[in-house]
Protein chains: 2
Amino acid sequence: MTDEDFMLLALKEARKAAASDEVPIGAILADPQSGRVIAKAHNKSEFGNDATAHAEILVIRKACRKLKTKRLWGLDLYVTLEPCTMCAAAVSFARIRRLVFGAADIKGGAVLNGVCFYEQPTCHHRPEIVSGICKEECGQLLKDFFKQKR
Amino acid sequence: MTDEDFMLLALKEARKAAASDEVPIGAILADPQSGRVIAKAHNKSEFGNDATAHAEILVIRKACRKLKTKRLWGLDLYVTLEPCTMCAAAVSFARIRRLVFGAADIKGGAVLNGVCFYEQPTCHHRPEIVSGICKEECGQLLKDFFKQKR
């Protein structure tokens with residue numbers, strides 16, 4: 001499985017969000033050793049009655065529950081959009097090995113944009129970062145969603 | 001009910017965390033109009049198998065579920081320690097009116113320390129901030145906990 005393969009699975013999750021009228025963002029947690037997907041989630045913040053229900057938070061919580069641990073050492077997170085400040089910090093707390101994202105988010109991102117959390121001294125675990133995987137597809141899905149909303 | 005009254009309730013939550021061998025941080029969400037406590041929570045990140053289970057995230061999720069909304073307009077959050085980057089951003093997403101905290105957190109805080117999230121252009125809702133309420137008691141509880149761990 002390549003980064004693109006895993007991102008296509010995250011995109012599939014994002015499309016599930018769109019189908020529920022949620023902002024289409026999807027995430028996958030994968031074990032790079034076995035190639036196994038540990039958890040999948042999509043954004044549910046609009047109708048889930050939970051301000052924290054971003055795809056990344058949900059997938060981290062699912063994986064932690066499944067593996068009965070608070071530390072996801074060695075796992076890789078694939079997410080269609082650059083994580084926000086809340087999610088970037090959650091990725092760090094969960095000790096995720098690699099963070100792979102699709103489209104950049106200038107307005108709300110916190111990895112290459114905004115607070116650039118992983119470069120800060122209050123960040124105590126920095127994942128390896130890969131950006132731009134399937135970025136056109138990830139970005140287009142969001143553009144189409146908001147266009148249809150207008 | 002004064003800020004101190006609500007913070008004493010948050011401290012009571014923090015002590016529950018300590019009793020479960022969790023880092024003693026407690027949080028309360030209150031409706032300042034009615035003086036009613038909407039939700040209470042304490043940190044469960046160590047044994048809760050959830051990297052995101054900080055007191056603030058848990059109390060926001062509880063209140064959202066209870067009030068069937070993702071936006072906690074008009075509610076005030078009381079927390080014994082300065083929120084971290086993840087929680088500071090969650091407070092903003094939840095549209096909390098006022099954030100009142102006890103002890104400052106130089107190493108991990110994100111309000112007056114670290115990324116100073118509410119001063120950043122990627123922060124789209126800034127709560128009113130009050131710091132230092134019962135700070136000695138809030139800080140001492142943490143110091144005692146870590147001293148006993150060593």
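Chain A has four helices and five strands, where helices (H or I, at least four residues) and strands (E, at least two) are DSSP runs, numbered from the N terminus. Read from the N terminus on, the elements of chain A follow the order α-β-β-α-β-α-β-β-α. This is a predicted model, in which local features need pLDDT of at least 70 and side-chain atom pairs count only at pLDDT 80 or more, while totals for chains, interfaces and linings use all residues. Residues are numbered from 1 along each chain as its sequence is written, chains are lettered from A and ligands numbered from 1 in the order in which they are written, and side-chain values use heavy atoms, with hydrogens and water left out.

The C-alpha atoms of chain A fill a box of roughly 40 × 30 × 30 Å, taken along the principal axes. With 150 residues, a compact globule would have a radius of gyration near 15 Å, and the 14 Å of chain A agrees with this; the radius is taken over C-alpha atoms, and the globule rule is 2.2 Å times the number of residues to the power 0.38.

How is chain A related to chain B? Chain A can be laid on chain B by a turn of 180° and a shift of 0.0 Å along the axis, with an RMSD of 0.0 Å. The two copies are thus related as by a two-fold rotation axis. The superposition is made by least squares on the C-alpha atoms of residues with pLDDT of at least 70 in both copies. Of the residues of chain A, A:Met86 comes closest to this axis, with its C-alpha at 1.9 Å.

The contact (heavy atoms within 4.5 Å) takes 32 residues from chain A and 32 residues from chain B. The area buried between the two chains is about 2,500 Å², of which carbon and sulfur atoms give 66%; buried area is the accessible area (1.4 Å probe) that two parts lose on being put together, summed over both.

Between chain A and chain B the count is four salt bridges, each being a side-chain nitrogen of Lys or Arg within 4 Å of a carboxyl oxygen of Asp or Glu. In one of these, the side chains of A:Asp50 and B:Arg61 meet at 3.4 Å, N to O. The side chains of B:Asp50 and A:Arg61 also meet in a salt bridge, at 3.4 Å, N to O. B:Asp50 lies in the loop between β2 (36-42) and α2 (55-67) of chain B and A:Arg61 in helix α2 of chain A, so the pair joins two chains.
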